[in-house]
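Student: I would like to go through this model feature by feature. Please give the general idea each time, then the case here.

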Amino acid sequence: MKERLSRLKTIRKLIKNYRIESQEELLGYLQKEGFEVTQATLSRDLKLLKVGKISDGHAGYVYTMPDEDERRESEQIYIQDFLRGYVSIDYSGNIVVIKTFGGHADAVSNALDSLNLDEILGTVAGDNCIFACLKEGISGEQFIQSLKLKIPELEEE
């Protein structure tokens with residue numbers, strides 16, 4: 001199976017180049033491109049890419065991609081949520097611990113997930129702390145450098 005980033009790029013291309021009305025139809029195109037994807041994975045990919053449906057002007061709806069300005073604006077909102085809520089970042093092995101102000105962990109975790117950092121397998125949020133599990137071979141330092149590329153305003157302790 002091809003990598004996730006390649007699949008996401010292909011999904012963008014397919015939606016821009018074809019009139020796609022359903023996930024089943026999109027799955028068919030992806031299979032022709034060499035991707036073996038489940039319906040659940042495709043649903044997550046569509047959510048991640050912020051794919052929407054618009055009226056085709058007749059009796060149906062087709063998938064559409066947000067324009068670049070909308071994507072940047074959305075990403076800026078997530079960055080502000082992250083910066084507003086986090087207190088500190090530390091790591092050990094492939095686990096990153098992000099301490100937040102009380103009640104902000106959920107918003108910071110959601111922002112982190114929405115920034116689509118490829119280094120992260122997943123996050124778990126409490127009230128004032130987030131645990132992020134990194135992919136095999138990714139160090140905490142590499143994660144922080146990647147995060148700084150997305151959030152240049154990020155200050156380290």
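Student: Which residues of H5 are buried?

Tutor: This is a predicted model. In H5 the buried residues are Ala-105, Val-108, Ser-109, Ala-111, Leu-112 and Ser-114. The helix itself covers residues 105–114.

Student: What does H5 lie across?

Tutor: H5 lies across S3, S4, S5 and strand S6, which is residues 129–134. Its direction makes an angle of about 165 degrees with S5. Helix H6, residues 140–150, also lies across S3, S4, S5 and S6, and it runs at about 145 degrees to S3.

Student: What is the order of the strands in the sheet?

Tutor: The sheet is open, has 4 strands, and reads S3-S4-S6-S5, with antiparallel pairing. At the edges are strand S3 (86–92) and strand S5 (120–125), each of which pairs on one side only. From one strand to the next, the twist averages 20 degrees.

Student: How many bridges join S3 to S4?

Tutor: There are 6 bridges between S3 and strand S4, residues 95–100, and the two run antiparallel. Within this part of the sheet, Ser-92 stands opposite Ile-95 in S4.

Student: Now a single residue. Does Thr-10 count as buried or exposed?

Tutor: A residue counts as buried when its relative accessible area is under 20%. Thr-10 has a relative accessibility of 10%, so Thr-10 is buried. Thr-10 lies in helix H1, residues 4–17.

Student: Which residues is Thr-10 in contact with, leaving aside neighbours within four places in sequence?

Tutor: Those residues are Leu-30, Glu-33 and Phe-35.

Student: Next, the pockets. What is the general idea?

Tutor: Empty space is found by rolling a probe the size of a water molecule over the atoms.

Student: What volume does the largest pocket have?

Tutor: The volume of the largest pocket is about 560 Å³. It is lined by 19 residues, and those closest to its centre are Arg-4, Arg-44, Leu-48, Asp-113 and Asn-116.

Student: How do the lining residues divide into nonpolar, polar and charged?

Tutor: In the lining of the largest pocket, 6 residues are nonpolar, 5 are polar and 8 are charged.

Technical notes: Residues are numbered from 1 along each chain as its sequence is written. This is a predicted model: local features need pLDDT of at least 70, side-chain atom pairs count only at pLDDT 80 or more; totals for chains, interfaces and linings use all residues. Side-chain values use heavy atoms; hydrogens and water are left out. Two strands pair if DSSP finds at least two bridges between them. Axes are lines fitted to C-alpha atoms, for helices over the stretch in contact, and angles run from 0 to 180 degrees between N-to-C directions. Contact means heavy atoms within 4.5 Å. Buried means under 20% relative accessible area, exposed over 50%, partly exposed in between (1.4 Å probe, protein chains only). On a 1 Å grid over the protein atoms alone, a cavity is a set of points where a 1.4 Å probe fits but cannot get out, and a pocket is an open set with protein on both sides within 12 Å along at least five of seven lines; lining residues have an atom within 4 Å of a point. Grid points are joined across faces, edges and corners, and a volume is the space filled by probe spheres set on the points. Ala, Val, Leu, Ile, Met, Phe, Trp, Tyr, Cys and Pro count as nonpolar, Asp, Glu, Lys and Arg as charged, and the others, Gly among them, as polar.
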